[in-house]
Amino acid sequence: QVQLVESGGGDVQAGGSLRLSCAASGSIFGLGTMGWYRQAPAKQRELVATITSDDIGNCGDSVQGRFTISRDNTKNTVYLQMNSLKPEDTAVYLCNGVRFENSPYKTNYWGQGTQVTVSS
């Protein structure tokens, strides 16, 4: 099992910044692509950003140019730097990790989520 623990959420005014962290622990052998998703009330879960084990990052269109994903494999941690925040970024942000992603044993793991609230 892999445990993912997010931190860094909070309340911020529009235009502000936050940095989310997601620390992985447990059976992390084979942990590959990690990412951030967000879930706003009455909306579908949305992909925010992903990063491969080779540090290839990709951000969704709605956050492109404002958010940056990175990872520190020595700390088993992935980060999401969020700048120029907008009220529509308000959501629970969930960390995702994929283990053995290129095998029949592919498994997705999720954190509990951290709330980000952006006020106008």
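In this predicted model, the largest nonpolar core comprises 28 residues, and Trp 36, Leu 80, Met 82 and Tyr 93 have the most contacts inside it. Two or more residues each are given to this core by strand 1 (2-7), strand 3 (18-26), strand 4 (31-39), strand 5 (46-51), strand 7 (67-72), strand 8 (77-82), strand 9 (91-99) and strand 11. Strand 3 supplies the largest share, 4 residues.

Apart from residues up to four places away in sequence, Leu 80 touches Leu 18, Arg 19, Leu 20, Trp 36, Val 48, Ala 49, Phe 67, Thr 68, Ile 69 and Tyr 93.

Strand 4 is largely enclosed by the rest of the structure, because 7 of its 9 residues are buried. Its pairings are listed below.

| Pair | Sense | Bridges | Residue partners |
|---|---|---|---|
| Strand 4 and strand 9 | antiparallel | 7 bridges | Arg 38 and Tyr 93 |

Strand 11 (residues 114-119) contains Thr 114. With a relative accessible area of 11%, Thr 114 falls under the 20% cut-off and is therefore buried. Leaving aside residues up to four places away in sequence, Thr 114 touches Glu 6, Ser 7, Gly 8, Gly 9, Leu 20, Ala 91, Val 92 and Tyr 93. A polar atom of the Thr 114 side chain lies 3.2 Å from the backbone nitrogen of Gly 9.

Terms used. Residues are numbered from 1 along each chain as its sequence is written. This is a predicted model: local features need pLDDT of at least 70, side-chain atom pairs count only at pLDDT 80 or more; totals for chains, interfaces and linings use all residues. Side-chain values use heavy atoms; hydrogens and water are left out. Buried means under 20% relative accessible area, exposed over 50%, partly exposed in between (1.4 Å probe, protein chains only). A polar contact is a pair of N or O atoms within 3.5 Å; within protein, one must be able to donate a hydrogen and the other to accept it, and residues adjacent in sequence count only if both atoms are side-chain atoms. Contact means heavy atoms within 4.5 Å. A nonpolar core is a set of buried Ala, Val, Leu, Ile, Met, Phe, Trp, Tyr and Cys residues joined through side-chain atoms within 4.5 Å. Two strands pair if DSSP finds at least two bridges between them.
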